[in-house]
Amino acid sequence: MKKNKITFILTELMLIVLAAFFIIRIFSDNESMKRVAVIVEDSGDKRWDALLNGLKQSAENNNLHLIICNTDLIESMEDEEELINEQLQNNVDAFVICPAPGKETKTMLNRLQGEKPFILINEDTYAEEPSGYATVKPDNYKIGQMLAERLIQDDEEQLENKKIGVILGKAETEENVNRIAGLKDGLEGSGCEISWEYNYARGNQNTSEIIASKKQVDYLVILDNWALEEVGEAAEENKYHGAKIYGVGSSEKAIVLLDNQNIECLVVPDDYETGYKSMNEIAKKLRHSFYKMNSCETEVRIINKEDLYSKDLERFLYSYE
Amino acid sequence: MAVTVTLIILILVLPGCNQKTKRIENTLRVSVVTYTHDDPFINATVDELKEELKKRETEERKIITSVRSADNDQKAQNEIVEEMIDAGCDILCVNLVDRTDPTTVIRLARQNDIPVIFFNREPVPEDLSQWNQLYYVGCEAKQSGEMQGEIAADYIKNHPEVDRNQDGRIQYILLEGEAGHQDAISRTDSSVKTLIEQGINLEKLSYLFADWNRGQAENRMNQIISQYGTEVEMVISNNDEMALGAIEAYKDAGYNRQEWPIIFGIDGLEDALEAIQNGTMQGTVYNDKEDQAGEMARLAVDIYDGKNQEVQSLQEEKYYVSQYRKVDISNVEDFIK
């Protein structure tokens, strides 16, 4: 009986020591920096400068360790899942993700949801209904609408009988669906015709040649940053028979193209704000595991060349540096 | 009670115990860092490299190539290398900002056991011999200068009208990359030396540093044109980008073509090949980016697969030196895709 009692006390003591060890370990872990992985397509591209600056600034303020995933093109849910799995093995604590195209992305993210907190940026997953995940992004429908309004405003005949060619980003993305919907709704009743639509995919086509093979138009509306850079650059050689270019872009190059008058008008989503706010939400979640992350819409500006160096736009331009 | 508490704590803590980064099997992750994002030759080389690596993907092995640039700042490049290693990579391809300062890159790579293929800007041999997992793929700058000198000398001998003022000397301008840059010095020296050896009498009017950049070269050449007018008979440029800048300056100046100098570059950029075709440039030296990108891709895959075949074929098991080729109007068609 006495022997049993001693064994029991010794076991209890050992377990208490073990418990104390792990409690200390938990607290020491809490002091180390939490790791947040960011997944965006072609992460080294200059178009992400403002976004990464926002993420970096917020990570620094919140004492988080930012990991910018080494990525190439992300064309499907499988590509993105592989990157996520790699970072799960890299012991990250949370993710900031720009969702891959396709309906399957939502299903894949459902699997991640139970494992690590994440927030979506730039766009929601592609689905008929919003995903319900916390998302920091511009209002993509409004972006299309803003372009439509500016086109009508700038055209002498308010677009009556004018022809428009539209270059979209990747198919099966929320960004794409809402931007074109906003544009079409905005143009309704103006008397113009959208002569053609074309989905841009990076790297495997010469977009200028494709445009040249299509029906001649008065305006080119480009709803994707990368497409805008490529088409805008080639505009110098007057490849589009004088078609004026209106587009969406947040890269320094897009702004240079506006400055050089290769493009007439630019809608600029505030990527710095997207980066900063998404990281802030993740930081709150990592501090308080029961915190429910909030979605928010980030600012969008529409600018012409003459607006470029106004004080009002300084913050946008500074965020690229 | 203690048993329950301990078990809960164990469940909470154990998943976080393994802090070491693991490699995903069958995915080769190649991280490329360039010295700037706006050098067309480097960008074209990197595009080729991406294509070459893509070609080497198999059903069993995926290859992810990610590219970042350092905006001409070695400190920024060191930070990028650190970030890329932190995110996970298997092979680094580094186009150094400062070829004399690869210490941090080498230290970081070595600490994490990641082989480095330096390209285009060659580290000094002492640095490259620090570790057996450091390689270099590029060209010999001296050879490009010699070839440039040879093309220019041949052209002048076959076109005596180049010496417009008939003074028996060719008045020339040098467009140089960067002050103190080994490649710029080597290209300039060997080009001018070769011209002299070939019996061409030269008179240097001026030299300009334009940072390998078209825009800067155009601005500097505008000043030269306003100073020397049509006196300039030849422009020797350390690369095509600056040669193309000189062409822009002459276009803006509004001289007729007979009053233009002859212009020679190095690299074999697409725009330069077109310029040779249309007669605004007289020659360039083709820097074989396809060959170099192909070798980098072969090397990356070979190292990753733990094979030695490609490594053993390198000079001193470290260097791959690609050969330059001369381009002028007689063979420019062969280089245009």
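## Domains of chain A

Domain bounds here come from an automatic or database domain assignment. On that basis, chain A of this predicted model is divided into domain 1, made up of 30–136 together with 271–297, and domain 2, which covers 140–269. The C-alpha centres of these two domains of chain A lie 28 Å apart, and 13 residues of domain 1 are in contact with 16 residues of domain 2. On the domain 1 side of this contact in chain A, the residues divide into 6 charged, 4 nonpolar and 3 polar.

## Chain A as a whole

Chain A contains 11 helices and 12 strands, and its C-alpha atoms fill a box of roughly 100 × 40 × 35 Å when the box is taken along the principal axes. Of the 321 residues in chain A, 45% are buried. When the contacts in chain A between residues at least 6 apart in sequence are considered, 75% of them join residues at least 24 apart.

## Helix α5 of chain A and its partner α6

Helix α5 of chain A, residues 140–154, has 15 residues and reaches 21 Å from its first C-alpha to its last, which is close to the 21 Å expected at 1.5 Å a residue. The buried residues of α5(A) are A:Asn140, A:Ile143, A:Gly144, A:Gln145, A:Met146, A:Leu147, A:Ala148 and A:Leu151. The elements of chain A that cover these buried residues include the helix α6 and the strands β5 (135–138), β8 (219–222), β9 (244–248), β10 (265–269) and β12 (300–304).

The axes of α5(A) and of helix α6 (residues 174–187) of chain A come within 6 Å and cross at roughly 35°, and the crossing is right-handed. On the α5(A) side, the residues that meet α6(A) include A:Ile143, A:Gly144, A:Leu147 and A:Ala148, which are also among the buried residues of α5(A). On the α6(A) side, the residues involved include A:Glu174, A:Asn178, A:Ile180, A:Ala181, A:Leu183 and A:Leu187. Taken together, the residues of the contact between α5(A) and α6(A) divide into 8 nonpolar, 6 polar and 6 charged.

## Domains of chain B

Chain B is likewise divided into two domains, with domain 1 formed by 27–139 and 288–323, and domain 2 by 142–286. The C-alpha centres of the two domains of chain B lie 32 Å apart, and 6 residues of domain 1 are in contact with 8 residues of domain 2. The residues on the domain 1 side of this contact in chain B divide into 3 nonpolar and 3 charged, with no polar residue.

B:Met84 has its place in helix α3 (residues 74–87) of chain B, and it counts as buried because 27 other C-beta atoms lie within 10 Å, where 20 or more are required. Setting aside residues up to four places away in sequence, B:Met84 touches A:Asn70 of chain A as well as B:Ser31, B:Val33, B:Arg68 and B:Cys89. The C-alpha atoms of B:Met84 and B:Val67, 17 residues apart along the chain, are separated by 9.6 Å.

B:Asp267 sits in the loop between β9 (262–264) and α10 (270–277) of chain B, and this residue is buried because there are 29 other C-beta atoms within 10 Å. Apart from its neighbours within four places in sequence, B:Asp267 is in contact with B:Phe41, B:Asn239, B:Asp240, B:Ala272, B:Thr284 and B:Asn287. Between the C-alpha atoms of B:Asp267 and B:Arg121, which are 146 residues apart along the chain, the separation is 14 Å.

Key:
Residues are numbered from 1 along each chain as its sequence is written. Chains are lettered from A and ligands numbered from 1 in the order in which they are written. This is a predicted model: local features need pLDDT of at least 70, side-chain atom pairs count only at pLDDT 80 or more; totals for chains, interfaces and linings use all residues. Two residues are in contact if their C-beta atoms, placed from the backbone, lie within 7 Å. Ala, Val, Leu, Ile, Met, Phe, Trp, Tyr, Cys and Pro count as nonpolar, Asp, Glu, Lys and Arg as charged, and the others, Gly among them, as polar. Axes are lines fitted to C-alpha atoms, for helices over the stretch in contact, and angles run from 0 to 180 degrees between N-to-C directions. Helices (H or I, at least four residues) and strands (E, at least two) are DSSP runs, numbered from the N terminus. A crossing is left-handed if the near helix is turned anticlockwise from the far one by less than a right angle, and right-handed if clockwise. The expected span of a helix is 1.5 Å times one less than its number of residues. A residue is buried if 20 or more other C-beta atoms lie within 10 Å of its own, exposed if 12 or fewer, and partly exposed in between; C-beta atoms are placed from the backbone.
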